[in-house]
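Student: I am new to this structure and would like to go through some of its strands. Could we begin with the terms?

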Amino acid sequence: MLKRNLLFGLVMFCCLSLAAQEKGFLTTYSEVDHSWFVTDAIETSNGSFLVTAYDDWGPSSLLLKLSPEGDILVNRGVMAEDTTIYAYRILQIPEDNGDEYMVLCPSHPADGSTAALMLLRVDEDLNIVSRRTIACSFFDEGSRFFDAKFLLSGTSVYAALTSRSENMPNSIFLTRFDFAGNLLNCQKRDSLAFVCNLFHDENDRIGLFGDLSPSHMVFLAFDDSLQPISRDTIFQWTVPEGNNGESCHYFIHDYINSQAIMLPNGSHIVSARLLETLLHANGYPYQDDRSVIMAKYEDDFHQPEDIIVTEHMNDSVEYPAFFRSMDFRETSEAKCMVFQCVNLNEFPQFGLMQPYPTGIVVTKTDQDLNVEWKKRFLRDGNYQAMVINATADGGCLVVGSVGDYQAQRFDVFALKIDTDGTVGLDEIQEESMAFVCPNPAKETIRIGGIEAKETMVYNSLGQCIMSFRGNEANVSNLSAGVYLLRVFDSENAVHVLRFVVDR
């Protein structure tokens with residue numbers, strides 16, 4: 001995997017009084033010489049949040065505990081001698097004497113020997129209680145972990161482990177093991193290219209949503225021995241409203257950009273980025289990612305009952321991209337809530353062709369896909385949302401990585417959104433087009449996208465260390481690190497930007 005240099009200072013938004021907020025918050029975390037790739041998050045019974053990430057520039061992983069207000073309570077590194085560890089998923093295990101959690105970590109020995117799955121039992125303060133290892137001897141020789149999906153069911157953990165070897169297609173292994181690390185069952189599924197997620201179906205069987213090809217997805221139910229019981233395949237989508245091509249065909253794109261959940265009423269909701277095939281004037285087809293949709297299925301998986309377009313490429317530079325991004329929750333106080341998160345991409349300037357995430361779009365619907373609200377956040381940074389979890393208070397938590405794609409620097413961010421779609425912070429502007437460049441900077445910075453009237457610069461301790469008027473400032477006297485800009489525009493609206501000084 002690509003290893004990224006990360007030189008970020010710890011950014012605590014003290015200057016914005018985040019800790020005083022009762023609901024919404026925005027928190028970031030970084031460490032010198034680490035580049036964190038966020039993989040999972042979970043809400044605990046007392047309202048705190050646990051986050052997992054692995055270092056994309058080294059062999060270690062990271063466990064974070066956040067308070068309900070977003071304060072970082074615990075940060076704990078996870079390492080193993082001569083082994084690279086990828087903290088991939090955290091599951092809650094109810095215990096009589098308090099809550100315990102299982103952190104599942106694919107790992108690769110440095111000597112290139114057989115990959116393994118490490119099981120960490122941790123308490124609510126992320127202290128490691130026990131450590132177990134399952135050797136993945138069923139992997140093909142020379143293959144390594146490509147992806148892993150997990151589901152806790154009773155006293156067992158089900159896993160869909162994807163391995164990949166050079167110049168070979170993916171191999172999918174469905175496994176079942178107990179909390180002690182004993183492998184109970186293992187079945188190889190050659191027909192699957194990717195696994196999007198695991199879930200319980202209406203009969204409490206294990207369900208799987210997987211990818212057969214870019215235009216074919218499958219719902220598979222199987223028993224405890226991992227033998228398939230039923231199978232339903234989704235073929236080509238009907239064309240939803242909102243396309244802007246005269247000849248368009250929509251397909252589910254791939255495993256990273258597709259997610260499915262089963263609601264308590266037994267229906268399924270699929271969320272996916274779609275591939276649109278357009279025809280040039282000469283009839284030559286080309287393909288582009290142009291839409292993100294949500295579709296609801298009842299009994300017939302070949303035709304959705306409802307379908308909505310939540311993001312669609314327009315004539316501007318932005319277009320939608322989609323990662324692991326959908327969750328639901330049903331409480332006694334409210335109907336089932338469904339949350340979808342999309343990473344908003346833009347093409348960078350200077351002729352570069354590869355897009356990169358610049359913001360987040362969060363949509364909340366009910367189980368019939370009626371949209372309650374849709375919000376955009378964090379347009380000023382390279383925010384890549386990887387996890388969205390519905391929270392007990394009716395809101396959601398979005399967790400991912402934020403940084404600079406050109407500099408290959410990333411740290412952790414967590415954005416808590418209230419049930420009404422706000423974050424409780426005036427400083428986080430929906431639809432803000434403000435940005436700062438260059439980033440990282442050495443001497444001069446420029447604020448773009450808005451007419452800046454007055455700007456305050458804050459260090460990682462929340463101290464205002466300088467201010468300036470207009471859209472440009474000299475920062476050559478600042479030491480290396482991460483800084484926040486609190487920018488007031490010509491209409492006195494507040495924009496919060498972050499930038500890095502690199503020496």
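Tutor: Strands here are DSSP runs of E with at least two residues, helices are runs of H or I with at least four residues, and both are numbered from the N terminus. Two strands pair if DSSP finds at least two bridges between them. This is a predicted model, in which local features need pLDDT of at least 70 and side-chain atom pairs count only at pLDDT 80 or more, while totals for chains, interfaces and linings use all residues. Residues are numbered from 1 along each chain as its sequence is written, and side-chain values use heavy atoms, with hydrogens and water left out.

Student: Thank you. What joins β3 to β4, and through how many residues?

Tutor: A hairpin of five residues leads from β3 to β4. Strand β3 covers residues 49-55 and runs antiparallel to β4, with six bridges between them. Within this pairing, valine 51 has leucine 64 of β4 as its bridge partner.

Student: And which strand does β4 form a hairpin with, through five residues and a turn with glycine 70?

Tutor: That strand is β5, and glycine 70 in the turn has a positive phi of about 100°. Strand β5 spans residues 72-78 and is joined to β4 by six bridges in the antiparallel sense. Leucine 62, for instance, has glycine 77 of β5 as its bridge partner.

Student: Why is β4 described as largely enclosed?

Tutor: Six of the six residues of β4 (residues 61-66) are buried, so the strand is largely enclosed by the rest of the structure. Buried means under 20% relative accessible area, exposed over 50% and partly exposed in between, with a 1.4 Å probe and protein chains only.

Student: Which way do the residues of β4 point?

Tutor: Ser61, Leu63 and Lys65 point one way, Leu62, Leu64 and Leu66 point the other way, and all are buried. In a regular strand the side chains alternate between the two faces of the sheet.

Student: Changing topic, what is the strand order in the open sheet of three strands?

Tutor: The order is β32-β33-β36, with antiparallel pairing. The edge strands, β32 (435-437) and β36 (472-474), each pair on one side only.

Student: How many bridges do β32 and β33 pair over?

Tutor: They pair over three bridges, and six residues lie between them in a hairpin. Cysteine 437 has arginine 446 of β33 as its bridge partner.

Student: Which residue of β36 is the bridge partner of arginine 446?

Tutor: Arginine 446 is partnered by glutamate 472. Strand β33 (residues 444-448) and β36 are joined by three bridges and run antiparallel.
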